Amino acid sequence: MVDAILLIAIPLGTAFLLGLLPGHWRGAAYALTLAALAVGSAISAAWLLEFAAGADPREIHTAGAPPPFAIALRIALAESAGLLLVSLSALFAALYLRDTLLKQGRRAMAVLLIFAMALSGLILTRDLFNLFVFLELTVIATGGLVLLSSDPRALGAGFKYLIAAQLISILLLTGLIFIYHAGATLNIDELAAISLERLPGGTLAFFLVFIAVVAELKLFPANGWALDIYESAHPAFSALVSAAAGTAALFALDKLLAGGTAWLPVATAIGCVSFIGANLFALAQDNDRRLLGYSSVAQLGLLVVVVGQRDLLGEAYLFVAGGILLAHALAKAGLFWLSGLIEGRDLTAWAALRRRPLLLFAFASFIALLIGLPPFPGFYAKWELAHRLAAGGHIALLALILFGALLEAGYLLRWFGHAVKGTPPEQGPARAPQKMVAVHAALAGGWAAGYLWGELSGLGNLLHALPLLFALAFLPLDWLPARVKNSLAIAGMLGWFLHAYPGYDPLQLIFAAVILPGGALILLASYQNGGRRIGFYPSAMLMFAGLIMLIEANDSFGFFAAWESLTIGSYFLILRGRRSQAHALSYIVFSLGGAFLILAGFTLAAQGQTQLPLSALGDAPTALAPWVFLLLAVGFMTKTAAIGLHIWLPGAHAEAETDVSPMVSGILLKAGLYGLFVLLTQMGSQQLHGIDLTHAMLWIGALSALLGNLMAIFQEDAKRLLAYSSIGQMGYALFGLALMNHLGWLMALMFVINHFIYKSMLFLSVGGIAKRTGTRDMYRMGGLITLMPLSFIAVLIGIIAISGVPPLSGFGGRWIFYNAIMEGPHRLPLVILFLAGPIAFLYLFRLIHTIFLGQLKDEHRRVREAPFWIILPQMIQVALLLGFALVPGLALRHVDAYIGGLVPGGGLDWEGLTITSAFGYWSPVTIMLIVGVIFASLFAWLLLVNRRAQRVGQFNIVFAAERPYRPETTHFAWNFFAPYRKALGFFTQPLATRFWAALTDLLHAGAGLLRRHYSGDGQTYVIHLLAFVVGVYLLRMGL
Amino acid sequence: MTEIALATGFLLILIGLYGALTNRNLLRMIVAFSVANTGVNLVLVGVGYLRGRAAPILDATLPAAEAPARIIDPLPQALVLTAIVIGVGTTALMLAYAYRLYLTRGTLDISRLRELKW
Amino acid sequence: MIRRATVLLLLLGLGGVFSALLFGYTPDDELNRTAAYYAGQTVRDTGAANIVTAIIVTYRGLDTLGEVTVLFLSAAIVGLVLAHGARAGGARRRPIPPGELLETGSRLLTPLILLLGVHIFVNGHLTPGGGFQGGAILASATLLLLLANPMRRFSHRLIRLLESLSGLLFVLIGLLGLLLAGGFLDNRILPLGTLGELTSAGAIPLIYSLIGLKVGAEFSSMLAALAETQEP
């Protein structure tokens, strides 16, 4: 194995050698630079492989004398990985900078080489003063590389950085010499061994060095100069600063803290402030590079937290720190490199990526890497970190980190929304092969790191999960025509169902049936779309993969990974809608917030066990169990859009594409219900401060049902109406579950099936109608019954089923439901729920009345029936509804028996075609017959009577001369339920919407105001730094 | 003796920082940082000093065998040399920056270089 | 005003840290472990009479390599910065020529200064002084010439060759230590010789001379670059 000192000697020697070349041999100088960096990468990679195979750490002595008398270096697993990261990012930076370097000549190349050398030295050295020398080298090299930017403002940024670095070096040198005086050594390992605190002056001296290294990490809030550099430097250099320099400085801090365990909590606190503060300030950013700067600061803050929790993390330290660091470095480098391809600096300019799907995919991957979504390394690392923190009792820290992560996800995904939904400029991103190479290398690195961390995690590699691989396989296949991909998707889903269903228990089977064959059924409607539909299938399949992995999961990790996957997949799907940008953002922020609650719940329950079997949820420590229950329940209820947490749903479901709305409404919502099923099965009811939590859920369910329905009746937009109706429907299901008795659960399951069928059917019909009429506003429609009879039938059957009148399955649901509440003790929520029933009639009536009856609008005279592929699944669903209404036992009787083992209370008696409960019996077939007879006779009577009716022509009316300001106000179907609005409107005050809007406004306004702290004045920044130093000193000494 | 050197060094650092943080002119800031750096260097050599001992250079009057008992600590002397040289390097760099800034912006006032902020 | 008060207050805090350090400071009576090692072992290890030189060139040679690199880097960047700013050559007025006295005086002094500089760094392992000091003296010759005639221009090519070659040789000698002796920058690739002689202490005189040349070249390069910004 070659000596690691070559990692310093080779770039340095090359830098000197460049001066010997004739001035005009720029190409040769450039080739030499690349070669030196490539050799460095190869050496680091060779060491990494050696250490990965289990080699012992290697000490490198210089000058033939032992430390502490001569400078010693060390290379081990972490160091070699860090070195590889540094050399590779420098290599790609050199590639990326090709034109600039060739123009500036070999001096610039030499500076770049020395920068890489200095960072390697920071990682390798074990000598404190040597650390200082390499630190100064990075500072000066930074001063040089900043000038590579074409932005004239970079000059000012560079100067600000230099003066801040002056203060840092003063502190570092002063501290260093006193450390030497106290400890008689400059060797870091010896210093670690002698516990400086106990030596006179040792603590203070250590503090000065510590704070200087922390300042070099450019942590919030004393980091104004760093943000200016990120914003104005050449993106390739910003990438290098963020990825490589950040890594090296982190190594320095880690080494230093080996001897200062008393300072670990201080590091944790500083890191935590940095993580949250920088993420908060980033909310108000609209310059892409400055945003990336803030994000870098935040990520380094998180890493400092990890360093601060080193003792707690134990042997998982490298795994956690490495995972987060690698994700950060790859993503940041990739994003900065991408930013060099984008013309404008505003976030909206990233819409240019829409012209290049591959780059958009890279962008999505980088964002996911940063947020720590599966299957990237940050996901595994954060999972581990959260578990260790929870087990160590650092709950507040965990909460803060999750809050910061949510902020981060918020602004990153908002940015992603701009890229996906913005108007792309005429010109796509510049085509520069060497820049593309860098971006794609970061992309490949990100996925490879995801695979590696999956392997290392010991939790099961998500990139080995077949459903996920199936979804990912659609990425390379995205060039195929949409119809081919659709067939593949349907085949895959049905195939998986056939393959897996014998292994499911009845509960899983119900959900799986809704997800897979149900999903395939809805996908039939997707045949309607021609072309390629880039991006649709990977997203949809990701969602379905997540869903099916969710119900197949046996342990907390699998469950959570599936949960995140389905969340991301559905987010991408929803984002596809034409005006869905804002709604998709609110959907994903709520979903991730819910997911973080679930994560917190699992970690609390697991007490360090990173792969908690779901069946062990009930074994959570008694003191924590209610909290676990609360966190998980609220997390799941975010998905089912329980009242208060529902504001994301209407927009997301209504603005989604025609075939997406039924998926996200009919299928996706069930994920939350499944979670609640699992939770209640495992944990039963829990008491918190004397409140029965299931009782609280009961109330939430009842209120969701009432308010969801109420809000639905006042909608003008048919899809929004259906969306609000989902809130109400999920309220029913929640209520049933919270009853905690047999029939309640049976009813909830019945809702799972029913709601899937009728809601997806209604969304499809309404979507088909909207497609034909070009509007979703119901008052703009009317009289479509003759033109779209099949859609009419679907809607009619659908609303009969929803409203729970005989003879369709909705009635069965109600019947079970009434039986269930008769058994339950809770009367008041029950009354509320009863109230909700008739309200549902109101909005359902509108669907039929306003869309299909009444006068046909002029512009709709030529409207045809909805497209075949949209009608087909609806007709199948009609058949299903009728079938399920006739023989509900087919599906429910096994579940009924299964539930009997889970919750108390008597079940139903399934005998022949009759179902008997303690309170009566229900015979679907008889009812169907009776209702059929009644309907037929009424219809006949109507026909008879109707013969005498007089037809009124469309134009047989008087026109007024006046043209109203808002024409729709004169339409009878507009604001149809105005009287009800007068009476009940106060119920639908958007309190929750206002609350969440106020919260986000507060965060944004706070960020906008507080970031003025970065006044742009370099001198002020140094004062900040000084204040930071003095502040930390006072806090530390005061405590 | 040592204490006086240390106290002077610390004082120089504080004076230098005060100058650097209150003067708006780039050149004055650079000079002020040089003062502070000098203070640091003074502290560095001050810490290595031992009362009544000789410089760590062996010759006829200071044979190798007596060195441990008669010389001052040589390490801070070596460190200070490095620190001085690095200080020179950064000062040169800052001066060049100041010159460029003056050329391109026509000002040496740091409070006017604020186009990057927030 | 507020700024001054804030700065004063903060410096008061920093002064607090410093005074705590100062009052907690107890001077050593004996050399500490590290210093004692240098005092006792330097001659045996390196053969250098100037212990500080031994530390700079050998024990902490990596620092010194970094230090030299700092100068190289600064010179390169100063060159970059100033090259950016170099104005398109307008009409240059012919400057007033330096007087006869200055011309002759600097011609007379330059070789002497150079000689002194070389003497200082060649004897760096024996007497006070060394590569940095000698290099600075070399550069003062450049400064003298520039002061005498601000319009004088130096050959960048020569300076560059000097700095690159000496730097490269420094690294190569360091690597030789890896091959032939105990590690990177070990000076025992050459015989240690007798204490006090010019050709003793292994590679130290060689390295220090290279450092001297390099430092002289770097400073000259910076001076030359700065001088070129001077407008006639």
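Which residues is A:L253 in contact with, leaving aside its neighbours within four places in sequence? Select A:L253 to begin. This is a predicted model. The contacts to display are A:V213, A:V214, A:L217, A:V304 and A:V307.

**The core of chain A**

Stay on A:L253. This residue belongs to the largest nonpolar core, which holds 546 residues. Along with A:A93, A:V111, A:L112, A:I114, A:I179 and A:V209, A:L253 touches the most other members. Now colour helix α7 of chain A, residues 154-183. That helix supplies the largest share of the core, 21 residues. Then colour by domain. Domain 1 (127-457) and domain 2 (465-938) of chain A each contribute at least three residues to the core.

**An enclosed helix**

Next, select helix α23 of chain A, residues 536-552. At 1.5 Å a residue, its 17 residues should span 24 Å, and the end C-alpha atoms are 24 Å apart, which agrees. Is the helix enclosed or open to the outside? Of the 17 residues of α23(A), 16 are buried, so the helix is largely enclosed by the rest of the structure.

**Backbone stops in chain A**

Most residues other than glycine have a negative phi, and most peptide bonds are trans.

- Go to A:P67 and A:P68. The peptide bond between them is cis, with omega near 10°. A:P68 sits in the loop between β1 (58-61) and β2 (72-75) of chain A.
- Move to A:P374 and A:P375. A cis peptide bond joins them, and omega is about 5°. The loop that holds A:P375 runs between α16 (357-371) and α17 (377-391) of chain A.
- Select A:K218. Its phi is near 65°, a positive value in a residue other than glycine. The loop here lies between α9 (202-216) and α10 (224-232) of chain A, and A:K218 is in it. A residue is buried if 20 or more other C-beta atoms lie within 10 Å of its own. A:K218 has 28 such neighbours, so it counts as buried.
- Finish at A:H689. Its phi is positive, about 50°, although it is not a glycine. Look for A:H689 in the loop between β3 (687-688) and β4 (691-692) of chain A. With 5 C-beta neighbours inside 10 Å, A:H689 counts as exposed.

**Where chain C meets chain A**

Show chains A and C together. The contact involves 53 residues of chain C and 49 residues of chain A. On the chain C side, the elements giving two or more residues are α1 (2-23), α2 (33-46), α3 (51-59), α4 (61-85) and α7 (156-180). Which of them gives the largest share? It is α4(C), with 15 residues. By class, this side of chain C has 26 nonpolar, 18 polar and 9 charged residues.

**Annotated spans of chain C**

An unreviewed UniProt entry annotates "transmembrane region" at residues 68-87, 108-126, 132-149, 161-185 and 205-227 of chain C. Select 108-126 of chain C. That span is 79% helix and 0% strand, with its end C-alpha atoms 29 Å apart. Then select 161-185 of chain C. This span is 80% helix and 0% strand, and its end C-alpha atoms lie 22 Å apart.

Conventions. Residues numbered from 1 in each chain as written. Chains lettered and ligands numbered in written order. Predicted model: local features only at pLDDT ≥ 70, side-chain atom pairs only at ≥ 80, totals over all residues. Contact = placed C-beta atoms within 7 Å. Helix = DSSP H or I, 4+ residues; strand = E, 2+ residues; numbered from the N terminus. Nonpolar A, V, L, I, M, F, W, Y, C, P; charged D, E, K, R; others polar. Core = buried A, V, L, I, M, F, W, Y, C linked by C-beta atoms within 7 Å. Buried ≥ 20, exposed ≤ 12 C-beta atoms within 10 Å, placed from the backbone. Domains from an automatic or database assignment. Expected span 1.5 Å × (residues − 1). UniProt positions renumbered as here; feature names shortened; annotations may be inferred.
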